[in-house]
Amino acid sequence: MSDEAERFVRWYAHLPPDAPLDRHAARALLRRALADREALAEFLLEHECAPSLLGEFINRHWNDALSDALDSAALRLALRVMHAVWRIEDDRNRRAVLVCFRRGIIPSAKMMRRLCVVVRNA
């Protein structure tokens, strides 16, 4: 499990950073936490916009997030990501990212890092 995922699991389970974490239980908890659209969006917005977790959000929850209630963390995150996409200067890269989103593909790691920077600073 990556450090980003472990921090998310600890946050989701309200565990202190130094608490022991069983590997098997952590994986099960990660699966449950990634399925929780609102919790994942809140973590990405309020705590740490990690590229791998943002990729999971896009892959698992993108379409549902766009139709969420106006006050949902998932919709706020989706709007920040769209703002980040529109700030991509190269039209070809912007179109490629949107095609990835539409197909449910996670864009390149480099692009995810760029999106996270804009999302964090928005």
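Rings of Phe, Tyr and Trp, the last represented by its six-membered ring, pair if their centres lie within 6.5 Å. In this predicted model, Phe-8, Trp-11, Tyr-12 and Phe-43 form one aromatic cluster under that criterion.

## Aromatic pairs

The count of aromatic pairs comes to 5. A pair of aromatic rings is described by the distance of the centres and the angle of the planes. Two of the pairs are set out below, among them one drawn from the cluster.

| Pair | Centre to centre | Angle between planes | Class |
|---|---|---|---|
| Trp-11 and Phe-43 | 5.3 Å | 55° | tilted |
| Trp-62 and Phe-101 | 4.7 Å | 50° | tilted |

Trp-11 belongs to helix H1 and Phe-43 to helix H3, so their pair ties together parts that are 32 residues apart in sequence.

Trp-62 counts as buried because its relative accessibility is 7%, and Phe-101 counts as buried at 5%.

In soluble globular proteins, nonpolar side chains tend to be buried together. Here the largest nonpolar core holds 36 residues, of which Leu-54, Phe-57, Leu-77, Val-81 and Leu-115 touch the most other members. At least two residues of this core come from each of helix H1 (3–12), helix H2 (23–35), helix H3 (37–46), H4, H5, H6 and helix H7 (109–121). H5 gives the most, with 7 residues.

Phe-57 illustrates the contacts of one such member. Leaving aside residues up to four places away in sequence, Phe-57 touches Arg-37, Leu-40, Ala-41, Leu-44, Trp-62, Ala-65, Ala-74 and Leu-77.

In H3, the buried residues are Ala-39, Leu-40, Ala-41, Phe-43, Leu-44 and Leu-45. These buried residues pack against H1, H2, H4 and H5.

## Packing of H5 and H6

Two packed helices are described by the angle between their axes and the distance between the axes. For helix H5 (residues 73–86) and helix H6 (residues 91–103), the angle is about 150° and the axes are 9 Å apart. Angles over 145 degrees count as roughly antiparallel, and H5 and H6 are therefore roughly antiparallel to each other. On the H5 side the contact is made by Val-81, Met-82, Val-85 and Trp-86, and on the H6 side by Arg-94, Val-97, Leu-98 and Phe-101. The residues of this contact divide into 7 nonpolar, no polar and 1 charged.

## Individual positions

Asp-64 is placed in helix H4 (residues 51–66) and is partly exposed, with a relative accessible area of 41%. The C-alpha atoms of Asp-64 and Ala-74 are separated by 8.5 Å, the two residues being 10 residues apart along the chain.

Most residues other than glycine have a negative phi. His-14, although not a glycine, has a positive phi of about 60°. His-14 is found in the loop between H1 and H2. Is this residue, His-14, buried or exposed? At 70% relative accessibility, His-14 counts as exposed.

Note on methods:
Residues numbered from 1 in each chain as written. Predicted model: local features only at pLDDT ≥ 70, side-chain atom pairs only at ≥ 80, totals over all residues. Heavy atoms only, no water. Axes fitted to C-alpha atoms, helices over the stretch in contact; angles between N-to-C directions. Helix = DSSP H or I, 4+ residues; strand = E, 2+ residues; numbered from the N terminus. Parallel < 35°, antiparallel > 145°, perpendicular 65-115°, else oblique. Contact = heavy atoms within 4.5 Å. Nonpolar A, V, L, I, M, F, W, Y, C, P; charged D, E, K, R; others polar. Buried < 20%, exposed > 50% of the residue type's maximum accessible area, 1.4 Å probe, protein only. Core = buried A, V, L, I, M, F, W, Y, C linked by side-chain atoms within 4.5 Å. Phe/Tyr/Trp six-rings, centres within 6.5 Å; stacked < 30°, edge-to-face > 60°.
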